[in-house]
Amino acid sequence: MSKDHADQGLDRELEDLPTDLRWREWMRRIEAVLFASASPVPREDLARVVGQGVSVDLLIDDLMADLEGLSFEVAKVAGGWMLRTRPVYAAAIRTAADVGDQDLDLRDYDVAVLVAIAYHQPITRDGLKDIFGKEISRDLIGRLHARGLIGTGPRAPKRGAPYTFVTTEQFLVAFDLETLQDLPDREQLADAGFAEGPEDGSMVPSQSFEFTS
């Protein structure tokens, strides 16, 4: 069912409710939408469940305050909002919760290749080979694909028109980024264990990483 058809019977204005209860109901609707959604919800979609001209941002601010002290929070990522557990509870979740395929379980070398794709996209496997000095296996690319962190970009204007790789919305969600402009700068990457390549300025893993390809 399309969204346009689904919201025809929804009373957005709630004019029969007092002002304070109306606002709280709009907050609860946004909370319910975020709770049910498998991906970040953009502002324009949230605006479909509240009154005409009502500020989604102010409702989100009040919802954030309402959830203060709870184990989950509203996070703004990938151009929208989503509900997620607070990072402080990550160890407890890993210890006792069945997270299914939500755990990325990436090797250090996988992360290094993912970083290279993020900063140099769209990039081919040959481009990655130039950065790392060795062939990047199809299995590694497949792992990043399987976790939804990368996708196929436009074909490169080279002989054979090889595929390129780009990061996805799931990449932004997984690394708590609103847009690619929020990627850390080179100094922050160096602090995280990456070094600048000697010739082209590419970020490559430093010797402090113990990679297993």
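Here are some questions and answers about salt bridges and one threonine in this predicted model.

Q: How many salt bridges are there by the rule used here?
A: To count, a side-chain nitrogen of Lys or Arg has to sit within 4 Å of a carboxyl oxygen of Asp or Glu. Going by that rule, the count comes to 12.

Q: Which residue does Arg28 meet in a salt bridge at 2.9 Å, N to O?
A: The two side chains pair up with 2.9 Å from N to O, and the partner of Arg28 is Asp66. Arg28 lies in helix α2 (residues 19-36) and its partner in helix α4 (residues 56-66), so the pair ties together parts that are 38 residues apart in sequence. The name to remember is Asp66.

Q: Is Arg28 buried, partly exposed or exposed?
A: Buried would need under 20% relative accessible area, and exposed would need over 50%. Arg28 has a relative accessible area of 27%, so it's partly exposed.

Q: How far apart are the closest N and O atoms in the salt bridge of Asp57 with Arg43?
A: Asp57 and Arg43 form a salt bridge, with their closest N and O atoms 2.7 Å apart. Asp57 lies in helix α4 and Arg43 in helix α3 (residues 43-46), so this pair ties together parts that are 14 residues apart in sequence. As for the atoms, the answer is 2.7 Å.

Q: How many residues apart are Glu178 and Lys76?
A: Their side chains meet in a salt bridge, at 3.5 Å from N to O. Glu178 is in the loop between α9 (169-174) and α10 (186-191), while Lys76 is in strand β1 (residues 72-77). The pair links distant parts of the chain, and the answer is 102 residues.

Q: Is Thr167 buried or exposed?
A: You'll find Thr167 in strand β4 (residues 165-167). The cut-off for buried is under 20% relative accessible area. Thr167 comes in at 12%, so it counts as buried.

Q: Which side chain makes a polar contact with the side chain of Thr167?
A: Leaving aside neighbours within four places in sequence, Thr167 is in contact with several residues, including Leu114, Ile117, Gln121 and Leu180. The polar contact, side chain to side chain at 2.9 Å, is with Gln121.

Key
Residues are numbered from 1 along each chain as its sequence is written. This is a predicted model: local features need pLDDT of at least 70, side-chain atom pairs count only at pLDDT 80 or more; totals for chains, interfaces and linings use all residues. Side-chain values use heavy atoms; hydrogens and water are left out. Helices (H or I, at least four residues) and strands (E, at least two) are DSSP runs, numbered from the N terminus. Buried means under 20% relative accessible area, exposed over 50%, partly exposed in between (1.4 Å probe, protein chains only). A polar contact is a pair of N or O atoms within 3.5 Å; within protein, one must be able to donate a hydrogen and the other to accept it, and residues adjacent in sequence count only if both atoms are side-chain atoms. Contact means heavy atoms within 4.5 Å.
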